[in-house]
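This briefing covers the fold of one chain and the contact between two chains. The sequence and structure are shown first, and the points follow by topic.

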There are 2 protein chains.
Amino acid sequence: MTEKLVLHEYSPSGNCYKIRLVAAHLGAELERREYDILKGETRTPVFLARVNANGRIPVLQLGDRFIPESNAACFYLADGSDLIPADRFGRADMLRWMFFEQYSHEPNVATLRYWLAYVGEAQLTDAQRMQLPGKSEAGYAALKLMDEHLETHDFFVGGRLTLADIALYPYTNMAEEGGLHLAAFPNVRSWLERVASQPGHIKIAG
Amino acid sequence: MTEKLVLHEYSPSGNCYKIRLVAAHLGAELERREYDILKGETRTPVFLARVNANGRIPVLQLGDRFIPESNAACFYLADGSDLIPADRFGRADMLRWMFFEQYSHEPNVATLRYWLAYVGEAQLTDAQRMQLPGKSEAGYAALKLMDEHLETHDFFVGGRLTLADIALYPYTNMAEEGGLHLAAFPNVRSWLERVASQPGHIKIAG
């Protein structure tokens, strides 16, 4: 890649960490711009007009083009690399886990962490507080599904590290911050160690 | 494709309709198996063990392999066709809208339709009922974002029909069933007509 890559991010966000992880594995340079989402810095008129009309981070910028949605940005960076399976079924199977992450995992595992460890339980709205038991149950269901799959697989797809692992790693590794415990999921815990031991891996604060 | 393709589905689901739309555009044959999600037919032990441990439809079956997640199944079918942009940025941009659909659109626009038109408001749990105003607001925000993008674009990506349009079409076209009105979104309404007038398009009951 010859274009300069800029990551618009809130660095404690697991969705932003995913993109830094992909870049680290590929040896790609990212310039980082920080926004404090707790202060509404991604909802300003300038951000909405220039970076992402959806008011969310991360956004990957390539020159004057922008890619919102963490998993789409990961796909852009990794397109053509070993992090995306070369076969048709493998590509779809990887995307299956990436859509699972955004639909069944992130809205539960990541939202619980955000609500409890960042916003604070006392600051939640009544509608949010009513959702805590459901999100906890759905978060554990997502972790259980992962654990069952990992019982017979070292990585999610194709026996090697792909974007499926990178998409699922950050919030799974921080699930305890949202009150979800990994004690009952030994295969998930082994997989977290396996992902973290890959060459090129970086920590969230790295 | 020489393998037989089987779609495990609940035919009124927009997520299942997406896959039938892609197959129709590609001229691919799908054998269809129906499950009534209101009767829990995707949560039976056999379904969980054999089709999808996540207990959800749609699932696309290819021989003895299964692809859950509607947008991953669409990607499998369309891989190598004109429905996926041939350039790297276009592919990521298409995925951006597909992840937007599953994260910011479907959980609001589709869930409102499911809760109000299928489950019935009187049958909702308190936690669900408390979410109605938030989901309505977020659903309208998703439609507004689409409308602004479509003000200067005939299709979501690359000036032609791609999986981004197919992913966003079903639930947008049925938004009124969830109480969301399209009157304020003229560009969305024109785009719905444009998508429906493409060669190969089929209706949800088609």
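Helices are DSSP runs of H or I with at least four residues, and strands are DSSP runs of E with at least two, each numbered from the N terminus. On that basis, chain A of this predicted model contains 7 helices and 4 strands.

**Fold of chain A**

- Read from the N terminus, the elements of chain A follow the order β-α-β-α-β-β-α-α-α-α-α.
- Chain A is as compact as a globular protein of its length, because its radius of gyration of 17 Å is close to the 17 Å that the globule rule gives for 206 residues.
- Along the principal axes, the C-alpha atoms of chain A occupy a box of roughly 45 × 45 × 30 Å.

**Packing within chain A**

- Of the 206 residues in chain A, 43% are buried.
- When contacts in chain A between residues at least 6 apart in sequence are considered, 71% join residues at least 24 apart.

**Contact between chains A and B**

- Chain A contributes 31 residues to the contact, and chain B contributes 31 residues.
- On the side of chain B that touches chain A, at least two residues come from each of strand 4 (65–68), helix 3 (70–78), helix 4 (88–119) and helix 5 (126–150) of chain B.
- Helix 4 of chain B provides the largest share of that side, with 13 residues.
- By residue class, the side of chain B that touches chain A comprises 16 nonpolar, 6 polar and 9 charged residues.

Terms used:
Residues are numbered from 1 along each chain as its sequence is written. Chains are lettered from A and ligands numbered from 1 in the order in which they are written. This is a predicted model: local features need pLDDT of at least 70, side-chain atom pairs count only at pLDDT 80 or more; totals for chains, interfaces and linings use all residues. Two residues are in contact if their C-beta atoms, placed from the backbone, lie within 7 Å. Ala, Val, Leu, Ile, Met, Phe, Trp, Tyr, Cys and Pro count as nonpolar, Asp, Glu, Lys and Arg as charged, and the others, Gly among them, as polar. The radius of gyration is taken over C-alpha atoms; the globule rule is 2.2 Å times the number of residues to the power 0.38. A residue is buried if 20 or more other C-beta atoms lie within 10 Å of its own, exposed if 12 or fewer, and partly exposed in between; C-beta atoms are placed from the backbone.
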